[in-house]
Amino acid sequence: DAAGVVASSQHPKFNAGDQVLVTGYDLGSNSDGGYSEFIRVAAEWAVALPENLSLRESMVLGTAGFTAAIGVQQLLQNELTPDKGDVVVSGATGGVGSYAVSLLAKLGFSVAASTGKSDANDYLSQLGASRIIDRSELDDQSGKPLLNVKWAGAIDTVGGNTLATIVKATAPHGAVAACGVVGGSELPLTVYPFILRGVRLIGLDSANWPRNQRLQIWKKLANEWKISDLESIAHSIRLEQLDEYIAKILKGEIRGRVLVDLQT
């Protein structure tokens, strides 16, 4: 992820001095990413910074906030409403999970936040979780093709058996938005949740999300979906601290977002 000011542009959409943000596409993969002071990107990757959102706020959100937002949008488009029951969020202390909990709560949903961190209850409650559940509740080992209904919908950031357990316990015609793989890439499911309950499983390809929808989501995040206390989900580090914090992320020791400030 990167946000900053255009130094020069060869595209008529942007001019020197414009504030822009970039998430997804090939940024940081085969092209320089946000740890560089200057980057060159395709104009189609850049999003003009929406009104009511600062450059810092856009990066506090970043890919994590954007992915959570498109997940929420997909649930809403599949007619999920707060009166239908609890929505479960797996990996709730991570970046996507934290924003999903906060945004769903802002929209009036009752959110069950799943975590394996015993000290995360206060953090998740402050984000708006109605209740906190241990991640073991989303790790069914029975082998049953269907489970008792628990959730009206879900945003899963874990994958693997966690996602399978969620799908098997989702209400008829409920929707599950999935974006994670840390729990494994295999999905031990039968077709029964889909053909007997009409459960919808929606993949979130945030890196290549259609541009017109991408612009709409960022506008929402700057306005009616803006989270009031963004800073509670992120903290800043210096570039030289990056290796230390990457190691912490891999050990599951980080909550929310880590913002690398190149100005410090």
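G153 sits in strand β7, residues 151-156 (strands are DSSP E runs of at least two residues, helices H or I runs of at least four, both numbered from the N terminus). This is a predicted model, where local features need pLDDT of at least 70 and side-chain atom pairs count only at pLDDT 80 or more, while totals for chains, interfaces and linings use all residues. Residues are numbered from 1 along each chain as its sequence is written, and side-chain values use heavy atoms, with hydrogens and water left out.

**Around G153**
- G153 counts as buried because its relative accessibility is 0% (buried is under 20% relative accessible area, exposed over 50%, partly exposed in between, with a 1.4 Å probe and protein chains only).
- Leaving aside residues up to four places away in sequence, G153 touches L80, D86, V87, V88 and A175 (contact means heavy atoms within 4.5 Å).
- From G153 to A169 it's 16 residues in sequence and 9.4 Å in space, C-alpha to C-alpha.

**The sheet**
- Six strands make up an open, parallel sheet, ordered β6-β5-β4-β7-β8-β9 (two strands pair if DSSP finds at least two bridges between them).
- At the edges are β6 (131-134) and β9 (200-203), each pairing on one side only.
- Strand to strand, the twist averages 20° (axes are lines fitted to C-alpha atoms, for helices over the stretch in contact, and angles run from 0 to 180 degrees between N-to-C directions).
- Strands β7 and β8 (residues 170-178) run parallel, joined by five bridges, and D156 stands opposite A178 in β8.

**Helices on the sheet**
- Helix α1 (residues 55-77) packs on the sheet and touches β4 (87-89), β7, β8 and β9, with its direction at about 155° to that of β7.
- Helix α2 (residues 95-106) lies across β4, β5 (111-115) and β7, and runs at about 160° to β4.

**The second largest pocket**
- The second largest pocket holds about 170 Å³ of space (a pocket is an open set of points on a 1 Å grid over the protein atoms alone, where a 1.4 Å probe fits, with protein on both sides within 12 Å along at least five of seven lines; lining residues have an atom within 4 Å of a point). Points are joined across faces, edges and corners, and the volume is the space filled by probe spheres set on them.
- Its lining includes S102, K106, Y123, D229 and I233.
- Helices α2 and α3 (121-127) are the elements that give two or more residues to this lining, and α3 has the largest share, three residues.
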